[in-house]
Amino acid sequence: MNPPDVGATVEAEDVVWLRLDTALGPVARREAARLARRVGMSASRVAEVELAVTEAATNLEKHARDGALALRVVTLPDRAAVELLSLDSGPGIQDLRSALVDGVSSSGTLGVGMGAIARSADTFDVYSVPGSGTALLARFWSGRGDDAAVAEPAVAGLTRPISGESVCGDGWSARTEMREGGLVVTAMLCDGLGHGPLAALASERARAAFRANAHRSPEEILRALHLQLKGTRGAAVSVACADFSRGSVESCGVGNINVCVVRGDKRHALLSLPGIVGHQMPKLRTFQGQLDPSSVLVLHTDGLSDRWSPADFPGLFRRRPAVIAGHLLGQAGVRRDDAGIVVARAVAS
């Protein structure tokens, strides 16, 4: 694994969600090409992205019980990438090792196989449980070169709007930095009240306020967000700061945002207070938890069921943050609400 990119703020990007249907392949190919050109990729690199996305779409169409592709541009201060997440609910891949060999593909697909996707992507990761679902990540950085794969953030998030809406009222932002030689991730997740454009406006303001205050403590950040969200619908918001070098996490939240630390097959919840940021702010309190080197910090809105357990997903929490976020959203997300999740960890496979 390459070292995580630090000293950078990453946040929610517009996500193109493509549900599994008969037109998935051509639509996914067209959207992937549009995004690749937007970040300045060469014609040959655009073609590689198109081929990888088409193979992922074809695999979903041929074999998945239900699934979707998520396409987006991921930006860092010095570069951008096109990211593909392929998520399905089963049946899973029986022999993942064979599936990753170049030229091996399940019957009826293009014959390119996941191995070719892995080879053309700058970042690749996949998680699959036979009988359950699969999450595949492929990230293609612009300006491909020797350093292209270095800028891998230690945190990732994903949002999905409620069925029937084109914008999502959930939003997130996070900052990574080094303090005294160790990685620190400060993450914010916001659930704008209701759905649609007005909920999305609250999340946009929350992200802007976070960017201006990300160097402060979770409680101070939340107070700043409260001031900026006045005049909006308001939101449920949690801010967590994970210091992986010291083995500690601090969380301050108002409203129904789930914050937990996953250690092994257990999750340890950090409480949130009742209220509405921007309207009814309670007396704030910061809650603390412990981290070990393999711990994973997870924040998610009530667009994901809180009944999931790490024991249900053996090996998932050793994967990259984007794979963890995508698989949890795919497995625990509900269609009757906006959904948002943020995942941070110090190391990945």
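Q: Which side chain makes a polar contact with the side chain of Arg-72?
A: That is the side chain of Glu-83, at 2.8 Å, where a polar contact is a pair of N or O atoms within 3.5 Å, and within protein one must be able to donate a hydrogen and the other to accept it, while residues adjacent in sequence count only if both atoms are side-chain atoms. The side chain of Glu-83 also makes a polar contact with the side chain of Arg-139, at 2.6 Å.

Q: What kind of model is this, and how are the residues numbered?
A: This is a predicted model, in which local features need pLDDT of at least 70 and side-chain atom pairs count only at pLDDT 80 or more, although totals for chains, interfaces and linings use all residues. Residues are numbered from 1 along each chain as its sequence is written, and side-chain values use heavy atoms, with hydrogens and water left out.

Q: Ok, so is Glu-83 buried or exposed?
A: Glu-83 counts as buried because its relative accessibility is 1%, buried being under 20% relative accessible area, exposed over 50% and partly exposed in between, with a 1.4 Å probe and protein chains only.

Q: And where does Glu-83 sit?
A: Glu-83 is in strand β5, residues 79–88; strands (E, at least two residues) and helices (H or I, at least four) are DSSP runs, numbered from the N terminus. Not counting residues up to four places away in sequence, Glu-83 touches several residues, including Leu-71, Val-74, Leu-137 and Ala-322, with contact meaning heavy atoms within 4.5 Å.

Q: Switching topic: which residues touch the most other members of the largest nonpolar core?
A: In that core of 32 residues, they are Met-41, Val-53, Leu-69, Leu-71, Leu-84 and Ala-138. A nonpolar core is a set of buried Ala, Val, Leu, Ile, Met, Phe, Trp, Tyr and Cys residues joined through side-chain atoms within 4.5 Å.

Q: Which element gives this core its largest share?
A: Helix α2 does, with 7 residues. Among the elements that give two or more residues are also α1 (24–38), β4 (67–76) and β5.

Q: What does Val-53 touch?
A: Leaving aside neighbours within four places in sequence, Val-53 is in contact with Ala-28, Arg-29, Ala-32, Leu-69, Leu-71 and Leu-84. There is also a second, separate core of 31 residues, which includes Ala-68, Leu-87, Val-129 and Ile-341.

Q: Now β12: why is it largely enclosed by the rest of the structure?
A: Strand β12 (residues 235–243) is largely enclosed because 9 of its 9 residues are buried. Ala-235, Val-237, Val-239, Cys-241 and Asp-243 point one way, whereas Ala-236, Ser-238, Ala-240 and Ala-242 point the other way. In a regular strand the side chains alternate between the two faces of the sheet.

Q: Which strands are joined to β12 by bridges?
A: β11 (residues 182–192) is joined to β12 by 9 bridges, and β13 (residues 248–254) by 7, each running antiparallel to β12; two strands pair if DSSP finds at least two bridges between them. Asp-191 has Ala-236 as its bridge partner in β12, and Ser-238 has Gly-253 as its partner in β13.

Q: How many residues lie between β12 and β13?
A: There are 4 residues between them in a hairpin, and Gly-247 in the turn has a positive phi of about 70°.

Q: Last one, which strands stand at the edges of the open sheet?
A: The sheet has 5 strands in the order β9-β18-β17-β14-β15, with antiparallel pairing. Strands β9 (155–160) and β15 (266–270) stand at the edges, each with a single partner strand, so one side of each is left without a neighbour in the sheet.
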